[in-house]
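This briefing covers one predicted model.

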Amino acid sequence: MVPFLLLAAAAAADLAAAPASPAATELFERDPVLGQWALASFDANHDGWLTLYEAQGAVAEFKRLADTNGDGHVTVAEYEAAKRFLVARFNLAAAPAR
Ligand SMILES: [Ca+2]
Ligand SMILES: [Ca+2]
């Protein structure tokens with residue numbers, strides 16, 4: 001029992017102490033469609049750039065939208081479906097074929 005409790009406490013502490021994830025801005029830099037949406041919806045001070053703080057809000061919202069089965073993970077299929085949804089909903093330009 002004691003080791004389990006210690007593990008649970010450690011996991012909770014990790015979550016609370018998790019630093020801002022640099023992946024938040026990378027997601028939107030890598031994917032122009034998501035970047036457009038994030039900038040349109042989450043650029044709180046309208047300076048045309050997403051700070052890490054602004055991007056985290058966008059990532060959280062994207063995860064909420066994309067994780068349709070609520071298992072806490074966004075699969076490739078969920079990611080693509082969410083992207084199609086955002087393109088349709090916000091009238092974004094789909095990424096050009098390469
Ligand atoms: Ca901004
Ligand atoms: Ca999922």
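**Overview**

Of the chain's 98 residues, 16% count as buried. The chain contains five helices and zero strands, and the order of elements from the N terminus is α-α-α-α-α. Taking contacts between residues at least 6 apart in sequence, 44% join residues that are at least 24 apart. The model is predicted.

- Helix 2 spans residues 23-30, and its buried residues are Ala24, Thr25 and Phe28.
- These three residues lie on the same side of helix 2 because they cover an arc of only 90° around its axis.
- On the face turned away from the buried side, helix 2 carries Ala23, Glu26, Glu29 and Arg30, which are exposed.

**Packing of helix 2 on helix 3**

- Two packed helices are described by the angle between their axes and by the distance between those axes.
- For helix 2 and helix 3, the packing angle is about 120° and the axes are 5 Å apart.
- Helix 2 contributes Leu27, Phe28 and Glu29 to this contact, and helix 3 contributes Leu34, Gly35 and Ala38.
- Sorted by class, the residues in the contact of helix 2 with helix 3 are four nonpolar, one polar and one charged.

- Histidine 46 is not a glycine, yet its phi is positive, at about 55°.
- Histidine 46 sits in the loop between helix 3 and helix 4.
- Histidine 46 has 7 C-beta neighbours inside 10 Å and therefore counts as exposed, the cut-off for exposed being 12 or fewer.
- Asparagine 91, also a residue other than glycine, has a positive phi near 55°.
- Asparagine 91 is placed in the segment after helix 5 (76-90).
- Because asparagine 91 has 8 C-beta neighbours inside 10 Å, it counts as exposed.

Methods. Residues numbered from 1 in each chain as written. Chains lettered and ligands numbered in written order. Predicted model: local features only at pLDDT ≥ 70, side-chain atom pairs only at ≥ 80, totals over all residues. Buried ≥ 20, exposed ≤ 12 C-beta atoms within 10 Å, placed from the backbone. Helix = DSSP H or I, 4+ residues; strand = E, 2+ residues; numbered from the N terminus. Arc of directions from axis to C-beta. Axes fitted to C-alpha atoms, helices over the stretch in contact; angles between N-to-C directions. Contact = placed C-beta atoms within 7 Å. Nonpolar A, V, L, I, M, F, W, Y, C, P; charged D, E, K, R; others polar.
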